[in-house]
Amino acid sequence: MRALAWFNTLTDPLARAELEHCCASPEWSAAVSAGRPYQDTAGLLRTAGAALARLDWSEVRRAADAHPRIGEPPAGRDRSARWSRAEQSRAAAGSEAELAVLRGRVSAYEDRFGHRFLIRARGLSPAQICAEVERRCAGLPADERASTRAHLTEIAVNRLKELVADG
């Protein structure tokens with residue numbers, strides 16, 4: 001609860017900056033920041049999920065495109081880069097051959113759909129991610145947009161939990 005109290009007392013610009021590490025949508029960050037003060041983490045997470053559900057596709061795409069590509073090392077040392085490295089650590093441990101295949105499949109996905117492939121990658125191997133890229137590449141664009149939004153929501157909620165746990 002101490003970390004949630006910390007989050008509740010941030011100025012709006014600082015809260016938004018912290019939130020953008022969780023989800024790179026200014027609209028989402030504004031909505032979640034505006035809901036403060038939160039009585040508990042569950043209320044914060046409900047607001048975060050509802051705000052993500054309301055985003056139009058251009059904002060979802062903006063947030064998804066801010067994530068590093070799967071199979072490529074995240075650049076930077078900020079909070080979002082550290083989280084991305086942790087989330088992709090199992091995939092990054094693959095052999096160079098596995099990572100080359102993964103990068104090729106991700107590239108084909110991006111060519112097909114015109115936006116970043118996004119997946120909640122924590123704990124997934126390169127082979128598991130490749131299978132998911134292949135499965136999702138066979139889908140319809142509308143279904144893939146829904147899938148991207150769902151994965152973005154999972155990632156944002158998990159990061160938000162870490163944010164208020166870390167303080």
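Is Cys-22 buried or exposed? In this predicted model, Cys-22 counts as buried, at a relative accessibility of 1%. The sulfur of Cys-22 lies 8.3 Å from the closest cysteine sulfur, that of Cys-23, which is too far for a bond. Cys-137 is likewise in no disulfide, the nearest cysteine sulfur being that of Cys-130 at 11 Å, and Cys-137 is buried as well, with a relative accessible area of 19%. In keeping with these distances, a search of the whole structure finds 0 disulfides.

The aromatic rings form 2 pairs. In one of them, Tyr-109 and Phe-113 have ring centres 4.8 Å apart and planes at 50°, so this pair is described as tilted. Both residues belong to helix α8 (residues 96-113), where they are 4 residues apart, or about one turn of the helix. Elsewhere, Arg-36 lies over the face of Phe-7, at 5.6 Å from the ring centre.

The largest pocket holds about 190 Å³ of space. It is lined by 16 residues, of which Ala-66, His-67, Pro-68, Ser-80 and Arg-159 are the closest to its centre. The lining of this pocket consists of 9 nonpolar, 4 polar and 3 charged residues, and helix α6 (residues 79-87) gives the most to it, with 3 residues.

How values were computed:
Residues are numbered from 1 along each chain as its sequence is written. This is a predicted model: local features need pLDDT of at least 70, side-chain atom pairs count only at pLDDT 80 or more; totals for chains, interfaces and linings use all residues. Side-chain values use heavy atoms; hydrogens and water are left out. On a 1 Å grid over the protein atoms alone, a cavity is a set of points where a 1.4 Å probe fits but cannot get out, and a pocket is an open set with protein on both sides within 12 Å along at least five of seven lines; lining residues have an atom within 4 Å of a point. Grid points are joined across faces, edges and corners, and a volume is the space filled by probe spheres set on the points. Helices (H or I, at least four residues) and strands (E, at least two) are DSSP runs, numbered from the N terminus. Ala, Val, Leu, Ile, Met, Phe, Trp, Tyr, Cys and Pro count as nonpolar, Asp, Glu, Lys and Arg as charged, and the others, Gly among them, as polar. A disulfide is a pair of cysteine sulfur atoms within 2.5 Å. Buried means under 20% relative accessible area, exposed over 50%, partly exposed in between (1.4 Å probe, protein chains only). Rings of Phe, Tyr and Trp (its six-membered ring) pair if their centres lie within 6.5 Å; planes under 30 degrees apart count as stacked, over 60 as edge-to-face and the rest as tilted. A charge sits over a ring if NZ of Lys or CZ of Arg is within 6 Å of the ring centre and within 35 degrees of the ring normal.
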